Amino acid sequence: MKIVSIMWSSYANMLVRAAKNLADILEVSAYSSKVLEEDPERLDAALKEAACADIIFLYRSSEGFWEVIEDQLRELGKDIPVVCCGYDPSYWTLSTVRPEIVAQVNSYVVINGEENFTNMLRYIAREVGGLDIEAEEPRPVPWEGLYHPKAPTGYFATVDEYLEWYNTRKLKAESSKLEATVGILFTRHQWVNDNLEVEDTLIRELERLGLDVIPVFSYSVKDEERGCKGSGAVAVSYTHLTLPTN
């Protein structure tokens, strides 16, 4: 079964990773919407490949090129099932499958993570493609937390947990007398996709300069139903924190 997808580049990368877990049953081609917008020739090639797919999977956003290709996608949707989700439910109207399928797929994408993307592909293949396979429900992934590249765990759920580990690590360091604390707020998307080269470099450089760091990741948008505080609330909740000096 062949699935052709167009979505944000960061989501496309995760989709490729997830597709490798299902290479024995699915053929998945993932295209970045940004790349296609900048390269009309690749866009033509993507649409031609989509015309030969069993399922078309889209994550639509506000990029202008979606309006350019909308008519072509609707034409393809007359013969090929289309699953189109996005942060704005009005984008879902490109879909040709049941709304509950689109809503479930959108949940997999928003919660994110390789395991959820893998189950999302299984879910699409089952519900849209008719394959007889299992697909687990979306599994929770933290919306916010604290991270450090040297930590033995993937994240810390509370500041107290982080500081307990961080201060113990400081005491073991050759130079544990640090002068100030810097808070770093970065997107949860980078953390859940393990795309942290920039953040890791910044943390190392700040510590090299003699500074303590409190790196926090957060989902940017507040969503009470999903339990997301939003980056603003997370930043405010940590602004009063400082690390004790020795």
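Two strands count as paired if DSSP finds at least two bridges between them. Helices (H or I, at least four residues) and strands (E, at least two) are themselves DSSP runs, numbered from the N terminus. With that settled, here is one sheet to start with: an open one of three strands, in the order β5-β7-β6, with mixed pairing. β5 (144-146) and β6 (180-187) sit at the edges with a single partner strand each, so one side of each has no neighbour in the sheet. Neighbouring strands here are turned by 20° against each other on average, direction ignored. Angles like this one come from axes, which are lines fitted to C-alpha atoms (for helices, over the stretch in contact), and they run from 0 to 180 degrees between N-to-C directions.

A word on where all this comes from. The model is predicted, so local features need pLDDT of at least 70 and side-chain atom pairs count only at pLDDT 80 or more, while totals for chains, interfaces and linings use all residues. Residues are numbered from 1 along each chain as its sequence is written, and side-chain values use heavy atoms, with hydrogens and water left out.

Zooming out, the chain has 10 helices and seven strands. Its C-alpha atoms fill a box of roughly 70 × 40 × 35 Å, taken along the principal axes. Of the 246 residues, 48% are buried, where buried means under 20% relative accessible area, exposed means over 50%, and partly exposed is in between (1.4 Å probe, protein chains only).

β6 and β7 (residues 211-218) pair in the parallel sense over eight bridges, and L185 stands opposite V216 in β7. Lying across β6 and β7 is α9, which runs at about 160° to β7.

Next comes strand β1 (residues 2-7). Six of its six residues are buried, so β1 is largely enclosed by the rest of the structure. Both of its faces are covered, with K2, V4 and I6 buried on one side and I3, S5 and M7 buried on the other. β1 also has partners. With β2 (residues 27-32) it pairs in the parallel sense over six bridges, and S5 stands opposite A30 in β2. With β3 (residues 55-59), β1 pairs in the parallel sense over four bridges, and there the bridge partner of I6 is L58. In general, strands of a sheet pair through backbone hydrogen bonds, either parallel or antiparallel. Together, β1, helix α1 (residues 9-20) and β2 make a right-handed β-α-β unit; right-handed means that, with the strands pointing away from the viewer, the path from the first strand over the helix to the second runs clockwise.

Two helix pairs are worth a look. α3 (40-50) and α4 (residues 65-76) pack at an angle of about 20°, with their axes 11 Å apart. That makes α3 and α4 roughly parallel, given that angles under 35 degrees count as roughly parallel, over 145 as roughly antiparallel, 65 to 115 as roughly perpendicular and the rest as oblique. The contact involves L43, L47 and A50 of α3 and F65, I69, Q72, L73 and L76 of α4. In the other pair, α5 (residues 99-111) and α6 (residues 114-127) pack at about 165°, with their axes 8 Å apart, and are therefore roughly antiparallel. Residues making this contact include I101, V105 and Y108 of α5, along with F117, M120 and Y123 of α6.

Finally, a few loop residues. N112, in the loop between α5 and α6, has a phi near 70°, a positive value in a residue other than glycine. N112 counts as buried, at 1% relative accessibility. D194, in the loop between α8 (188-192) and α9 (197-208), also isn't glycine and has a positive phi, near 55°, but D194 is exposed, with a relative accessible area of 60%. A51 lies in the loop between α3 and β3 and counts as partly exposed at 42% relative accessibility. Leaving aside neighbours within four places in sequence, A51 is in contact with L76 and I80. The C-alpha atoms of A51 and E136, 85 residues apart along the chain, are separated by 29 Å.

Note on methods. Contact means heavy atoms within 4.5 Å.
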